[in-house]
Amino acid sequence: MKNLLSAKTKSFLSFKQSRLNWVILYSSLWVSGAMAQNTVPPQPATDDTSSQQHAATDNSTNHPTKNDGAIVVTGRSYADGVTRRAFGGGLMIKEDSPKSKSTLTRDYIEKQTPGLNPMQLIALLPGVNSSDSDPMGLTGGHTSVRGMNESSMGYILEGFPLNDVGSHAVYPQEIVDSENLSTIQVAQGSADLDSPTVSAAGGVVNMQMIDPAKKMGGRANFTYGSYNTFRGFARFDTGEIGNSGTRAYFSFSDTHEDLWRGPGTEKKLHGEMKVVKEWGKDNKASLLVIGNNLDNINMPSVNMASWQKYGKGIMGGPVSGIANTVYSSVYTGNTKANTTYYKLHPNPFTNIYVSAPVHLNLGHKMTLTETPYFLYSNGNGGGAYWQDMNKMSYGSQTMSGTVDGQNYGQTLLYEPSITKTYRSGSTTKWTWTSGINRLMIGYWFEYSSQRQTAPYSLLNDDGSPRDKWGGGSHVILANGETAEYRDNLTRTFIHTPFIGDTISLLNDKLTIDGGVKISIINRQGRNYLPDTSTGKNINQTYREVLPSGSIRYKINDEHQVFFSVATNYRIPMNTSLFDSGAYVAGTGYSNQAVKDLKPETSISEEFGWRYHGKLINTSLTYFHYDFHNRLFSQTVIDPNNPTSYYSRSINGGNQTTNGVDFEIGTRAIYNIRPYVSAEYIDARNRSNLAASASGVSAILPTKGKFAPQTPRYQVGFGLDYDNGHIFGNFSLKYVGSQYSTFMNDEQVPSYVRMNIGGGYRFKSWGGLKSPTIRFNLSNITNKHYLNYASGLQTNAQYAKALDGQMVKGSAPTYSIASPFSAMFSISSGF
């Protein structure tokens, strides 16, 4: 595998060396074509919902002229998939589901910075609080919906589950290139019965890719901007191959970006392929392959004291401990201060997704859908550790301080945290429609193997690790084994049968859905670290019956109401099952296993109203949740080594949440399409939580406090203008303050983020289809702010417990939002 990856990397580097020639050639062709245009604008397309999947793939579709009051439309869609007919500039569609859903389309996606990850793209939707830490989203990000973060949401791409099978984390920079995205749908309340996810207590994010075009062609774009950002993207569509009904596309992107705080560069190489075959009546088979290789530097989090003292950090300067907010660019030798040297904090990973959804028309009003999938992933978040190796031990297992015959004593060690995952599964669904009834029966099965290691290893003379993947000379225990921060294997078996029925009454005015799924999850783990508190072998099984139901009633063609109720659950992170971390004499490992941690369960209800008019589309939804054993993902800093950290599940007790979501968007009013979303939420803890610090353990009065990571208010505003040639857009998102502790004694302040973009779309000329120039400016006020509380704590300050004891607080940690950036792009179909 290593040799294969090396060959692949050489191929990517070859492409990188030639990309300047691509830019020069493409630019000359594009400019010559653009200068030859006349100034007659192309006509807008006809609709936003029925043509979205095909708008980006078939550039020759023509439709009759329509006149809807101020809306005048004719003609065709563009090579980039823009229709100019979408509600709110592509931030809404006409939704008919019996529960809350919000969907954005290519009309919005295409006008954003090319290559943004899905979390960045959904930021304006109701209930969505999205954060990033770099302009292009290459270092990932976080999202919460109605106060539940991404590990409580299911992320699915064409039937493929994207959440990490162990931690439920989502790495949005790995998923898909934005040019190949057709739609992103956020179901804020609950997942559908057939959704292959075990973490969707707070809903699901569904993504669909465009289909290959029926005519041969493709797209290319190039982006350059702030922080030496360069990105190139190219896609080739084969068109239909003969009369076989088969067509495909192949795409590749190369992205480079300097870190905006601290030293280092991010590099992402990404390839995608989709093959589609259609035959007979409603028979379709697809094959999707997505490959991703990214090499960047972990972005450090920051506590409040550090943020208030240093802000975004002293760029490029040496730092001490975690007092600053950037890693050091200078290596001054094998000393404790150099644990923050940036080359000791790499974050490389490689992954391959494969999915092959098949839809078969069996006749007799029966269909069969089969979605098999496979994932290979190998990732690493590196860290550094200062240790006296003569004193380092794991219970009875000690180290001599000698490696390769040399006695090191106190030394700086490299500590990679490696996760290698093999994951395979399939969702099978049989559907039968008879009269007013639609019956669905299905089964989801998955098997995964996840190996997690963290071997301590030595450094080169320049401070870089001898092998950033943890190879090379290791620190060896007295029993001859490699010393590691963690060393475990988790095998997960998922069995989920489900059945649902839909009844349509009153000429489809009334739709009633009901169903149930049974989730059975078995985790078999083995901890290879010595002297653990739980022994070597771990076996944990979770079972839950999850019924759901919903009703949708159409009052008339414009108004409809809906009600839904669903049960959800989420199992703890697999890291909760294992001891790990530094070994402390007398107390064991710094991260102790919690085998009896219960799954999170919830009951959610929604009641909503929608209006679908010729000009306006709007929805209003009231929601209510009751949580038991509310699980929060917590990033914990190792007190013995501040540059090392790990994630774990913590039980936040019971919680009740009430709130209202709202969104409204219009079709074009003299080429202008506004959009507004808003949310109010009240989320309250219903349990008092235990806390311990400095030898004091007690129960804190957290009952009635506001839930952390949950902004009380959010408002989004989008404005889109497009007359066929000139287009522009503006977005604003207000996010209220969010607590970072269960005692509500520290918080992320509220903030406003504004972005603006615009460009010019030329008429097609020769082989160039809709050539376009575009600019995108993000965070236009260059506001520096915290945007996410990653390291939750029970209390940040001294707090009085129920028994009168004073419990010392611990500092929560935060991520810092990306700054102002300017990106300029040229693109065209061909």
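In strand E8, Phe-160 is the bridge partner of Leu-157. Strands here are DSSP runs (E, at least two residues), numbered from the N terminus. Leu-157 belongs to strand E7, residues 154-157, and E7 pairs with E8 in the antiparallel sense over two bridges. Two strands count as paired if DSSP finds at least two bridges between them.

This is a predicted model: local features need pLDDT of at least 70, side-chain atom pairs count only at pLDDT 80 or more, and totals for chains, interfaces and linings use all residues. Residues are numbered from 1 along each chain as its sequence is written, and side-chain values use heavy atoms, with hydrogens and water left out.

**The sheet**

E7 and E8 sit in an open sheet of five strands. The order is E3-E9-E10-E7-E8, and the pairing is mixed. Its edge strands are E3 (102-105) and E8 (160-161), each pairing on one side only.

**Salt bridges**

Side chains of opposite charge can pair when their charged atoms come close. A salt bridge here is a side-chain nitrogen of Lys or Arg within 4 Å of a carboxyl oxygen of Asp or Glu. The whole structure holds 31 of them.

| Salt bridge | N to O distance | Separation in sequence |
|---|---|---|
| Asp-192 and Lys-101 | 3.6 Å | 91 residues |

Take Asp-192 and Lys-101, whose side chains meet in a salt bridge. Asp-192 lies in the loop between strand E9 (181-187) and strand E10 (204-209), and Lys-101 in the loop between strand E2 (71-75) and E3, so the pair ties together parts that are 91 residues apart in sequence. Asp-192 is partly exposed at 25% relative accessible area, while Lys-101 is buried at 16%. Buried means under 20% relative accessible area, exposed over 50%, and partly exposed in between (1.4 Å probe, protein chains only).

Arg-146 is buried at 2% relative accessibility. Asp-661 is buried as well, at 5%.

Asp-295 is partly exposed at 27% relative accessibility. Lys-468 is partly exposed too, at 29%.

Salt bridges can also share partners: Arg-84, Lys-111, Arg-673, Asp-720, Asp-722 and Arg-761 are joined this way into one network.

How values were computed: Helix = DSSP H or I, 4+ residues; strand = E, 2+ residues; numbered from the N terminus.
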